[in-house]
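Please look over the sequence and the structure shown below. The paragraphs that follow lead through them step by step.

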Amino acid sequence: MGGGPPAPPPRADPRRARRHCAGLPSSRAQAPAALPGSPRRGGWAPRAGGPHARNPGPSRGMPARGAGQLSRRMGQKKQRLLEARRRQSLTDGAQMPSTMEPCLGPPATLGPQRSIYFSSPKSHSAQLGSEFFDQPAVPLARAFLGQVLVRRLDDGTELRGRIVETEAYLGPEDAAAHSRGGRQTPRNRGMFMKPGTLYVYIIYGMYFCMNVSSRGDGACVLLRALEPLGGLETMRQLRSTLRKGAAGRALRDRELCSGPSKLCQAMAIDKSFDQRDLAKDEAVWLERSPPGSREPAVVAAARVGIGQAGEWAQKPLRFYVQGSPWVSVVDRAAEQNSQACSDKAF
């Protein structure tokens, strides 16, 4: 320690003792402490050079205690500020790592993040926008295959189904279209609205069919069948409540959405959805097929239930995923023809 002669303990300078107890440096070399364990004013004397030596106690002025209390108050204030920031980040929906925990691994998403100030909390990163629907009816009908239709009910339940069958209606020239000859009515107004607008109509006075407008006045795509992916029990309840006959028999999964009206029953789609924007609606929207999904083999076949449309009844404007058990009607001849065309291509 110091190099001066030790002062006798009884005659220790009280001013030096106070400076030592307050943790202040002395202008002179300090005297060796008394024997280890011997009491002295202000606390226990530390063992010289010992790694576990106890700090001297506070003196009567107690400036060290005041400094300690100030330090504790600052630490508590900082902790409250960090906790308030953490609660605010949770309220805003931001996924921020806790300041009290290490960040292990990469962030949850690697792509650019949407600002919470410019996107709705109900927005969906996989939701298809208006540009997807802005194409002619035939390519749009094909593009629908494999995409996922999502319906959010009032209680927050989400129903999901992969589209496996569609039909294209080409507009005024198409004798099977509701817009044939260019006629516009309050009923079919959705067919003439911007691409992505829903056109929902009623058949037989009790069933609904859902179409989506495409590029071109009066052109649209009918959604015919889905592969159920989520909310199957809710779909089953909705179908059982609305369907006629066979009320006592439980519906199989493949029966839930295998037809345009069955699809609407299972997804709780009715006339109130007519003229809604599928690209922006919060109760029903379209999501891109999951990453890594294979391009489906598509069959082009004649549309169903339009025998009165003359030559248009035979045009191959119905498209479905080959081999899917969820399709409403399978056309074996069309499948063979598609296979033959595929073989010729190679």
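**A guided reading of the predicted model**

Cys-209 is buried, with a relative accessible area of 4%; buried means under 20% relative accessible area, exposed over 50%, and partly exposed in between (1.4 Å probe, protein chains only). This is a predicted model, in which local features need pLDDT of at least 70 and side-chain atom pairs count only at pLDDT 80 or more, while totals for chains, interfaces and linings use all residues. Residues are numbered from 1 along each chain as its sequence is written, and side-chain values use heavy atoms, with hydrogens and water left out.

The cysteines deserve a further remark. A disulfide is a covalent bond between the sulfur atoms of two cysteines. Here a disulfide is taken as a pair of cysteine sulfur atoms within 2.5 Å, and a search of the whole structure finds zero of them. For Cys-209, the closest cysteine sulfur belongs to Cys-264 and is 6.1 Å away, which is too far for a bond. Cys-257 is likewise buried, at 1% relative accessibility. The cysteine sulfur closest to that of Cys-257 is again in Cys-264, at 9.7 Å, too far for a bond.

The overall composition comes next. The protein chain has seven helices and 10 strands; helices (H or I, at least four residues) and strands (E, at least two) are DSSP runs, numbered from the N terminus. Of the 346 residues in the protein chain, 34% are buried. The chain exposes about 21600 Å², and carbon and sulfur atoms supply 54% of that area, as computed by the Shrake-Rupley method with a 1.4 Å probe, where for residues only the protein chains shown count as cover. Contact means heavy atoms within 4.5 Å. Among contacts in the protein chain with a separation of 6 or more, 61% are between residues 24 or more positions apart.

Which residues have the most contacts inside the largest nonpolar core? They are Phe-133, Phe-144, Leu-149, Met-210 and Leu-286, in a core of 47 residues. A nonpolar core is a set of buried Ala, Val, Leu, Ile, Met, Phe, Trp, Tyr and Cys residues joined through side-chain atoms within 4.5 Å. Apart from this core lies another, of 15 residues, including Phe-192, Tyr-201, Ile-306 and Trp-312.

Phe-144 also belongs to helix H4 (residues 137–144), where Ala-137, Leu-140, Ala-141 and Phe-144 are buried. Seen down the axis of H4, these buried residues fall within an arc of 100°, so they line one face of the helix; the arc is that of the directions from the helix axis to the C-beta atoms. They pack against helix H3 (130–133), strands E4 and E6, strand E7 (220–230), strand E8 (284–287) and strand E10. Leaving out residues up to four places away in sequence, Phe-144 itself touches Phe-132, Phe-133, Ile-163, Thr-166, Val-212, Val-221, Leu-223 and Leu-286. Just after H4, Gly-146 takes a positive phi of about 95°.

Strand E10 (residues 318–321) is covered on both faces: Arg-318 and Tyr-320 are buried on one side, and Phe-319 and Val-321 on the other. Two strands pair if DSSP finds at least two bridges between them. Strand E4 (residues 158–169) runs antiparallel to E10 and is joined to it by three bridges, with Glu-167 opposite Arg-318. Strand E9 (residues 298–301) also pairs with E10 in the antiparallel sense, over four bridges, and there Val-299 stands opposite Tyr-320.

Strand E6 (residues 207–213) contains Asn-211, which is buried at a relative accessible area of 2%. Beyond its neighbours within four places in sequence, Asn-211 is in contact with Thr-197, Leu-198, Tyr-199, Tyr-201, Cys-220, Val-221 and Leu-222. Asn-211 and Asp-274 are 63 residues apart in sequence and 9.1 Å apart in space, C-alpha to C-alpha.

Two loop residues complete the account. Most residues other than glycine have a negative phi. Tyr-204, although not a glycine, has a positive phi of about 55°; Tyr-204 lies in the loop between strand E5 (198–203) and E6 and counts as exposed, at 74% relative accessibility. Gln-275 has a positive phi near 70° and is a residue other than glycine. The loop between helix H6 (260–266) and E8 holds Gln-275, which is partly exposed with a relative accessible area of 29%.
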